[in-house]
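Take a look at the model below. Then read on for its rings, charges and helices.

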Amino acid sequence: MGISSGDVSAMVFRRVVKDDLGRFSFDSQMLSVFMALDGVKNLGTVAREVGLNLGTIKAVISRLMRLKLVEPEQEAISILDDEFFDYLSSELSMAIGPLADVLIEDAAEDLGHDIERFPSHRAAELVDLLSQDIQRDEKRAEFKFNMVKKLKEKGY
């Protein structure tokens with residue numbers, strides 16, 4: 001699986017356990033990326049954690065793949081956590097009332113996903129879709145502002 005083109009921010013990699021790990025020479029970027037890979041976090045989150053841009057991350061991952069030290073995690077996708085959905089529900093409830101949870105489930109379904117395994121790389125799309133249900137402009141603007149802040153905080 002190559003990573004030479006396209007958006008890699010949603011990709012998830014894991015370290016490969018090797019007995020001869022001491023034979024490899026790591027520069028500081030390679031080491032920090034290698035240590036941050038856990039098979040759960042996507043590369044966008046890893047990039048923020050280690051303070052590198054996605055272009056640099058892509059180059060480092062390519063080197064680590066050539067050395068067979070990392071591999072893509074086929075089963076894992078980065079999903080939105082319960083804390084994010086609790087916050088989303090709270091913010092949407094303040095904007096539209098008690099139907100927020102129903103609208104969230106419906107919006108997730110409209111995007112082809114279940115809220116139990118909603119991919120984090122589609123979080124902004126979910127927020128945008130939900131904001132269309134808010135009639136009052138000032139409530140919609142406040143909802144979007146708060147949710148963009150949360151998306152950045154969570155690294156989605």
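## Ground rules

This is a predicted model, where local features need pLDDT of at least 70, side-chain atom pairs count only at pLDDT 80 or more, and totals for chains, interfaces and linings use all residues. Residues are numbered from 1 along each chain as its sequence is written, and side-chain values use heavy atoms, without hydrogens and water.

## Aromatic pairs

The whole structure holds 2 aromatic pairs. Rings of Phe, Tyr and Trp (its six-membered ring) pair if their centres lie within 6.5 Å; planes under 30 degrees apart are stacked, over 60 edge-to-face, and the rest tilted.

Phe 26 and Phe 34 form a tilted pair, because their planes meet at 50 degrees, with ring centres 5.3 Å apart. Phe 34 is buried at 5% relative accessible area, while Phe 26 is partly exposed at 24%. (Buried means under 20%, exposed over 50%, partly exposed in between, with a 1.4 Å probe and protein chains only.)

Phe 84 and Phe 85 are edge-to-face, because their planes stand at 75 degrees; their centres are 6.0 Å apart. Both residues, Phe 84 and Phe 85, are buried.

## Charges over rings

A charge sits over a ring if NZ of Lys or CZ of Arg is within 6 Å of the ring centre and within 35 degrees of the ring normal. Arg 15 lies over the face of Phe 34, 5.8 Å from the ring centre. The charged end of Lys 150 sits over Tyr 87, 4.6 Å from the ring centre.

## Helix contact

Ser 32, Val 33 and Ala 36 in helix 1 meet Val 46, Glu 49 and Val 50 in helix 2. Contact means heavy atoms within 4.5 Å. Helices (H or I, at least four residues) are DSSP runs, numbered from the N terminus.

Definitions and conventions: Helices (H or I, at least four residues) and strands (E, at least two) are DSSP runs, numbered from the N terminus.
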